[in-house]
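Please look over the points below with the model open.

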Amino acid sequence: MTKTPITVTLTGAGGQIGYAALFRIAAGDMLGADQPVSLRLLEIPQGMRAAEGAALELTDCAFPLLAGVEISDAPEVAFDGANVAMLIGSRPRTAGMERGDLLEANGAIFGPQGRAIGARAADDVRVIVVGNPANTNALIAQQHAPEVPAERFTALTRLDHNRAVGLLAAEAGAGVAQIDGVTIWGNHSATQYPDLSHATVGGAPALEAVDPQWARGAYIERVAKRGAEIIEVRGGSSVASAANAAIEHVRDWMLGTGERRTSAAVVSHGEYGVPEGLISSFPVRSEGGAWRVVEGLAVDEFSRQRIDASVAELVSERDAVRQLGLI
Ligand code: NAD
Ligand code: LMR
């Protein structure tokens, strides 16, 4: 091993997504095939045994890139020196709930974790929040870590992006590799806007490859409500696809996207009229270890209304967590 290990702290390591993510991270899927990784697993006391079991299995895989595994139920210990923080630990919704219904139950987790990240993580820490409602939980964590540049706090909308790509490919009868320029705007919720206005299939406009009415109707509904569809069909919220998306988000953030575009919820600096400070999904590329919002895309009236509706929901979630005293 020649490279210094990167320390990855993963919360909710005893849960489903944690279990689906850990082995791929240790195998090199996230940070590269020559990059050693030290894992720090954060759990609550009730989840410690499951996290310990995962750690035993990690040992049993004898991954050459795995430089160590430590488990703790104390955020200050688990985030000490963290270069990457994957905040997964929190309660998933069940059938009939919207993700926003978890705001009060889960929001309280992210202030203390944000504080511990601010106090203990490495200077280059990058944070991805997966636990729902992800955008607003990321905002809570960010607000409690004034020592860390706000841009280092992000939330996962890559799963929505991947769903949007997968469903477009199926409709167009194309391979996913032929698709680019899909954007998820706004909140990781049913108001999100999967936008094909600038998407291409095999280099040609996506809106010529599929029925534009479908693209601006049933498609949006299907992508935005895919999480609920999975809960209904599977009997529990998405796991492997969520772990995969979180891994791809971190991989692209650290290693770059090249010219390819993806979606991530990042801190707004006012791009596309999204109020500054909200953590909202945008079209992004990653370069030099930083997400950059792709600017200058034309936004027509239909898209404007959709983006505004999802952003309005983010504003109301921010106001709700203010009222709860969480920020
Ligand atoms: P799970 O219930 O299987 O696991 C959650 C784990 O988190 C449990 O082991 C629990 O003990 C632990 N936990 C709870 N509070 C914690 C805390 N304060 N610190 C550390 N660990 C803590 O749930 P899951 O299926 O792994 O889902 C986790 C979260 O991810 C849920 O909120 C779910 O809604 C969300 N999710 C988000 C996306 C997305 O695209 N953003 C996709 C899928 C799931
Ligand atoms: C998803 O999109 O699958 C997750 O956010 C889980 C959920 O509650 O929908």
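1. UniProt, in an unreviewed entry, places the feature "binding site" at Gly-12, Ala-13, Gly-14, Gly-15, Gln-16, Ile-17, Gly-18, Asn-106, Gln-113, Val-130, Gly-131 and Asn-132. The annotation comes from that record, while the model itself is predicted.

2. Gly-15, one of the annotated positions, sits in the loop that joins strand S1 (6-11) to helix H1 (16-27). Apart from neighbours within four places in sequence, the contacts of Gly-15 are Gly-47, Ile-88 and Gly-89.

3. Asn-106, also on the UniProt list, belongs to helix H4 (residues 103-120). Asn-106 has 22 C-beta neighbours inside 10 Å and so counts as buried. Leaving out residues up to four places away in sequence, Asn-106 touches Ser-90, Arg-91, Gly-131, Asn-132 and Asn-137.

4. The residues around ligand 2 are Pro-92, Arg-93, Arg-99, Asn-132, Leu-159, Gly-227, Ile-230, Ser-237, Ser-238 and Ala-242. By class, this shell has four nonpolar, four polar and two charged residues.

5. Most peptide bonds are trans. Pro-133 is found in the loop between strand S5 (126-129) and helix H5 (134-143).

6. Two further backbone points concern phi. Most residues other than glycine have a negative phi. Ala-62 has a positive phi, near 50°, and lies in the loop between helix H2 (48-61) and strand S3 (66-72). Tyr-272 is not a glycine either, and its phi is positive at about 50°; Tyr-272 is in the loop between strand S12 (262-267) and strand S13 (279-287).

7. Are Ala-62 and Tyr-272 buried or exposed? Ala-62 counts as exposed because it has 8 C-beta neighbours inside 10 Å, where 12 or fewer define that class. Tyr-272 is buried, since 20 other C-beta atoms lie within 10 Å and the class needs 20 or more.

Definitions and conventions:
Residues numbered from 1 in each chain as written. Chains lettered and ligands numbered in written order. Predicted model: local features only at pLDDT ≥ 70, side-chain atom pairs only at ≥ 80, totals over all residues. Helix = DSSP H or I, 4+ residues; strand = E, 2+ residues; numbered from the N terminus. Near = placed C-beta within 6 Å. Nonpolar A, V, L, I, M, F, W, Y, C, P; charged D, E, K, R; others polar. UniProt positions renumbered as here; feature names shortened; annotations may be inferred. Contact = placed C-beta atoms within 7 Å.
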